[in-house]
Amino acid sequence: MPYLKKSAMEEIAERVLAAYWLLPEAEAETATRVVPELLAQEIIGLSIEYWHLSPDMSVLGQTSCQPGFVEVADGYGELKSVFLTGSKILIEQDLKTDPSQFGRHNFTVMHETCHQIYKILFPQAYLQNMLHFCRATSPKGDWEEWRTNYLASAILMPKTLILRNMEAVGLGSSMPRLNRVFNAADYDKFCEVANRLGVSKTALSIRMVELGLLKENYLHDPLALPRISVGKYEYF
């Protein structure tokens, strides 16, 4: 695979979305979110199956760009061999049945779809029978997974769609700070944007920072804002 700048991945996302918005089901002018299953099946030509992919949910998604068999488990824990055709993606079935995992489910479907998009664009890099996994925690420094995550974010959360949802909930065109303790009203609106887009709060906050729509991100550490370190000789 060639090295891809962020601008190149954004351009790929724009091209994929241009085709997606032409689908009658997409409703480009009024859509609040991108439906990953629709894009995967109708634009990229993939099939989607749901299985248990790992006993501890460390593997959330799986695909292969060449035909081959993989071992999965059904709903009763029985192991089965599933044939990956080279245009099929497997998703952890608990992501679909648990409403709290809605955003994670959508991102996983798009992540695996993006592996297939890269195969279409760079077929020589995918000649071998490589398995691609979407893991609950990706190893640091994994370039393949990072660029796949980036493209998935760019497709699921294009700037125009984020802005449309921000305006709809009263956030305007930017957020100075995301903090559920000290900016509770804006935080609630941010959560509504994430729900409308069908993504997790973590994924949306990272994407908004990347796009310059969010300046300070305290999503996972809301008490970091007021912390003041007291010097050795300071007394009150």
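Here's a quick briefing on cysteines, a threonine, the nonpolar cores and the aromatic rings.

Keep in mind that this is a predicted model. The disulfide count is zero, the largest nonpolar core has 55 residues, and a search of the whole structure turns up six aromatic pairs.

**Cysteines**
- Cys65 is buried, at 4% relative accessibility.
- Cys191 is buried too, with a relative accessible area of 16%.

**Thr113 in helix 4**
- You'll find Thr113 in helix 4, which covers residues 102-121.
- Is Thr113 buried or exposed? It comes out at 0% relative accessibility, so it counts as buried.
- A polar atom of the Thr113 side chain lies 2.7 Å from the backbone oxygen of Val109.
- Setting aside residues up to four places away in sequence, Thr113 touches Leu39, Ala40, Ile44, Leu46 and Ile89.

**Nonpolar cores**
- In the 55-residue core, the residues with the most contacts inside it are Ile155, Leu204 and Met208.
- Take Leu204: leaving out neighbours within four places in sequence, it is in contact with Met157, Ile162, Phe190, Val193, Ala194, Leu197 and Val199.
- Another core, of eight residues, lies apart from that one, and its members include Val59, Val82, Leu84 and Leu90.

**Aromatic rings**
- Among the six aromatic pairs, Tyr20 and Trp21 are edge-to-face, because their ring planes are at 65 degrees, with the centres 5.0 Å apart.
- Tyr20 is buried at 1% relative accessibility, whereas Trp21 is partly exposed at 22%.
- Trp143 and Trp146 make a stacked pair, with 5.5 Å from centre to centre and 20 degrees between the planes.
- Those two tryptophans, Trp143 and Trp146, are three residues apart in helix 5 (residues 143-156), so about one helical turn separates them.
- Trp143 is partly exposed at 30% relative accessible area, and Trp146 is partly exposed at 37%.
- Which residues do ring pairs link into a cluster? They are Tyr3, Trp143, Trp146 and Tyr150.

**A charge over a ring**
- Arg147 lies over the face of Tyr118, 5.7 Å from the ring centre.

Notes. Residues are numbered from 1 along each chain as its sequence is written. This is a predicted model: local features need pLDDT of at least 70, side-chain atom pairs count only at pLDDT 80 or more; totals for chains, interfaces and linings use all residues. Side-chain values use heavy atoms; hydrogens and water are left out. A disulfide is a pair of cysteine sulfur atoms within 2.5 Å. Buried means under 20% relative accessible area, exposed over 50%, partly exposed in between (1.4 Å probe, protein chains only). Helices (H or I, at least four residues) and strands (E, at least two) are DSSP runs, numbered from the N terminus. A polar contact is a pair of N or O atoms within 3.5 Å; within protein, one must be able to donate a hydrogen and the other to accept it, and residues adjacent in sequence count only if both atoms are side-chain atoms. Contact means heavy atoms within 4.5 Å. A nonpolar core is a set of buried Ala, Val, Leu, Ile, Met, Phe, Trp, Tyr and Cys residues joined through side-chain atoms within 4.5 Å. Rings of Phe, Tyr and Trp (its six-membered ring) pair if their centres lie within 6.5 Å; planes under 30 degrees apart count as stacked, over 60 as edge-to-face and the rest as tilted. A charge sits over a ring if NZ of Lys or CZ of Arg is within 6 Å of the ring centre and within 35 degrees of the ring normal.
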